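Colleague: I'm new to this one and would like a quick tour. Can you put it on screen?

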Amino acid sequence: KKIANRYCITGEIGTGGMGRVFRAMPFDDPSHDVAIKVILRNRELNSEDLLRFQKEAALMSRLHHPNIICFHELGLLGEAHESKDEFGSGYYIVMEVARGLNLKDSLARDGRKDLAFFFQVGLQVTAALDYTHGKNIIHRDIKPQNIVVGKSLQQNNDLMVKVLDFGVARLAEAMHFTNTSNRHGAHDFAGTPLYMAPEQTHLMQAPVDHRVDLYSLGCVLYVILAGHPP
């Protein structure tokens, strides 16, 4: 299948809460491939789903760091010049392909890791979070599935670690507004329970800021050494 008459789908990478992620080849440069996250309008979507997808693209477009998946573009499917019967209508995000295994699959395959692996992953994810927090962006869903570990392109045993999936990321300013407005109302629930800071749940009314990512990273680092979450 084609996307926007610019990309040819070559395989499927995975599925998520809001859509599917494909590997694709750009027609104007067949020598490399990209990952495309697609959200289709023909499934049960509400305005919040679409807004979240657009916000993910907007936040990713601000991030340029070697340990964060690189964003290329946000596009619209089903425009008048496209053949609508190929893919339907919706939105897509084009991004860098993550090379390697996500940390969850790597742990399932090999078991807990050694200290060298621990330090390389820990330092690189920390660098990515330091950068995003400097941009006032909170990831809010740091977990093994969202960390991809591959080999560095250099001829050594170094790892290249990438943080991905900014689908529930928020600007710190927006989180401050949400925290204030939700003091007597619904809490903005996001994250994955095993790696989620207490203040991200409805069980604790406290400010949600960059420290929720540090809590989640602590849980991830524990898993790397112990082989199971705390």
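Modeller: Start with arginine 23, which makes a salt bridge to aspartate 33, with 2.9 Å between the closest N and O atoms. A salt bridge here is a side-chain nitrogen of Lys or Arg within 4 Å of a carboxyl oxygen of Asp or Glu.

Colleague: Which parts does that pair tie together?

Modeller: Arginine 23 is in strand β3 (residues 20-26) and aspartate 33 is in the loop between β3 and β4 (34-40), so the pair ties together parts ten residues apart in sequence. Helices (H or I, at least four residues) and strands (E, at least two) are DSSP runs, numbered from the N terminus.

Colleague: Before we go on, what sort of model is this?

Modeller: This is a predicted model, in which local features need pLDDT of at least 70 and side-chain atom pairs count only at pLDDT 80 or more, while totals for chains, interfaces and linings use all residues. Residues are numbered from 1 along each chain as its sequence is written, and side-chain values use heavy atoms, with hydrogens and water left out.

Colleague: Back to arginine 23: what does its accessibility count as?

Modeller: Partly exposed, because its relative accessibility is 29%. Buried means under 20% relative accessible area, exposed over 50%, and partly exposed in between (1.4 Å probe, protein chains only). Arg23 is also linked with Asp33 and Arg99 in a network of salt bridges.

Colleague: How many salt bridges are there in the whole structure?

Modeller: Ten. One of the salt bridges joins the side chains of lysine 162 and glutamate 96, at 3.1 Å from N to O. Lysine 162 lies in strand β10 (residues 159-163) and glutamate 96 in the loop between β6 (90-95) and β7 (101-102), so this pair ties together parts 66 residues apart in sequence.

Colleague: Is lysine 162 buried or exposed?

Modeller: Lysine 162 counts as buried because its relative accessibility is 13%. Glutamate 96, at 23%, counts as partly exposed.

Colleague: And what does aspartate 110 pair with?

Modeller: Aspartate 110 forms a salt bridge with arginine 109, with the closest N and O atoms 2.9 Å apart. Aspartate 110 is partly exposed at 44% relative accessibility, whereas arginine 109 is exposed at 59%.

Colleague: Where is glycine 227?

Modeller: Glycine 227 is in the segment after α6 (211-226). The C-alpha atoms of glycine 227 and aspartate 110 are 9.6 Å apart, although the two residues are separated by 117 residues along the chain. Leaving aside neighbours within four places in sequence, glycine 227 is in contact with Arg112 and Tyr222; contact means heavy atoms within 4.5 Å.

Colleague: New topic. Which strands make up the open sheet?

Modeller: The open sheet has three strands in the order β7-β9-β10, with antiparallel pairing. β7 and β10 are its edge strands, each pairing on one side only. Two strands pair if DSSP finds at least two bridges between them, and β7 pairs with strand β9 (residues 147-151) over two bridges. Leucine 101 stands opposite valine 149 in β9.

Colleague: Which elements supply at least two residues each of the lining of the largest pocket?

Modeller: Those elements are β2 (7-15), β3, β4, α1 (47-60) and β7. On a 1 Å grid over the protein atoms alone, a pocket is an open set of points where a 1.4 Å probe fits, with protein on both sides within 12 Å along at least five of seven lines; lining residues have an atom within 4 Å of a point.
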